[in-house]
Amino acid sequence: MKLPVSTEWLLHCATSLAQLEAGATASAAQLAQYFDLPAAYLAKQLQALVKAGVLTATTGPRGGFRLARPASEITLLQIVEAVDGAASPYECREIRQQGRGALPAEECQNPCILAEKMAEAHEAWRNNLATTSLAEIIAALPPSAPPRTRLRLTGTP
């Protein structure tokens, strides 16, 4: 499965925001500079996380983005679905019933085994992301990472 590049961007941005002190924000411009990304496009993508309730946004000179809930309550699946939706990347088009190799209709009463296996894989992937929180990701980082992120992203240790 291949996800859009914006998914990687938002996973990293949310992880970076989770490393900030409570109440602190980072602007889209700061995040874009931090990761060397196009600011206007990143700002648009960050709005998807606001709409999904993952982030909150404030305006003004001290405005920016921050987590809408504690990192322990935000899963990777919530971030991915905010950007990419929940649809399975695999769509069975029943090609087993086409062409020279077409199977008779009576042999196609049950779903295609390949479609079943792809659905199982997609569900396992979703379950893994649904049970992984941003807090778990932060806990797996080296202890030096959050202070370094805060300093480089917002200029505060």
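**View 1. Packing of helix α1 against helix α4 in the predicted model.** In this predicted model, helix α1 and helix α4, the latter formed by residues 76-84, pack at an angle of about 140°, and their axes lie 9 Å apart. That angle makes α1 oblique to α4, and α1 passes α4 in a right-handed crossing. On the α1 side the contact is made by S6, T7, L10, L11 and A14, while α4 contributes L76, I79, V80, V83 and D84.

**View 2. Crossing of helix α1 with helix α3.** The axes of α1 and α3 come within 10 Å and cross at roughly 70°, and the two helices are therefore roughly perpendicular to each other. The crossing of α1 and α3 is right-handed. S6, W9, L10 and C13 of α1 make the contact with Y41, L42, Q45, L46 and L49 of α3.

**View 3. The aromatic pair of W9 and Y41.** Two aromatic pairs are counted in the model, and one of them joins W9 and Y41 in an edge-to-face arrangement, with 5.5 Å from centre to centre and 85° between the planes. Because W9 lies in helix α1 and Y41 in helix α3 (residues 39-51), the pair ties together parts that are 32 residues apart in sequence. With a relative accessibility of 13%, W9 counts as buried, whereas Y41, at 38%, counts as partly exposed.

**View 4. The aromatic pair of Y34 and F35.** Y34 and F35 also form an edge-to-face pair, for which the centre-to-centre distance is 4.8 Å and the angle between the planes is 85°. Y34 has a relative accessibility of 27% and counts as partly exposed, and F35, with a value of 26%, likewise counts as partly exposed.

View 5. S16 has its place in helix α1, which covers residues 5-18. The relative accessible area of S16 is 4%, so this residue is buried, the cut-off for a buried residue being under 20%. When residues up to four places away in sequence are not counted, S16 touches L31, Y34, F35, T149 and L153.

View 6. R150 is found in helix α7, formed by residues 145-154. At 13% relative accessibility, R150 counts as buried. Leaving aside residues up to four places away in sequence, the contacts of R150 are Q19, L20, E21, G155, T156 and P157. E107 stands 43 residues from R150 along the chain, and the C-alpha atoms of the two residues are separated by 60 Å.

**View 7. The hairpin of strands β1 and β2.** Strand β1 (residues 55-58) and strand β2 (residues 64-67) run antiparallel and are joined by four bridges. Within this pairing, T58 has G64 of β2 as its bridge partner. Five residues stand between the strands of the hairpin, where G60 takes a positive phi near 105°.

**View 8. D36, a residue with positive phi between helices α2 and α3.** Most residues other than glycine have a negative phi. D36, which is not a glycine, has a positive phi near 55°. This residue is found in the loop between α2 (28-35) and α3. D36 has a relative accessible area of 71% and is exposed, the cut-off for an exposed residue being over 50%.

**View 9. E94, a residue with positive phi between helices α4 and α5.** Although E94 is not a glycine, its phi is positive, at about 55°. E94 is found in the loop between α4 and α5, the latter helix spanning 113-130. With a relative accessibility of 24%, E94 counts as partly exposed.

Conventions:
Residues are numbered from 1 along each chain as its sequence is written. This is a predicted model: local features need pLDDT of at least 70, side-chain atom pairs count only at pLDDT 80 or more; totals for chains, interfaces and linings use all residues. Side-chain values use heavy atoms; hydrogens and water are left out. Buried means under 20% relative accessible area, exposed over 50%, partly exposed in between (1.4 Å probe, protein chains only). Contact means heavy atoms within 4.5 Å. Two strands pair if DSSP finds at least two bridges between them. Rings of Phe, Tyr and Trp (its six-membered ring) pair if their centres lie within 6.5 Å; planes under 30 degrees apart count as stacked, over 60 as edge-to-face and the rest as tilted. Axes are lines fitted to C-alpha atoms, for helices over the stretch in contact, and angles run from 0 to 180 degrees between N-to-C directions. Angles under 35 degrees count as roughly parallel, over 145 as roughly antiparallel, 65 to 115 as roughly perpendicular and the rest as oblique. A crossing is left-handed if the near helix is turned anticlockwise from the far one by less than a right angle, and right-handed if clockwise.
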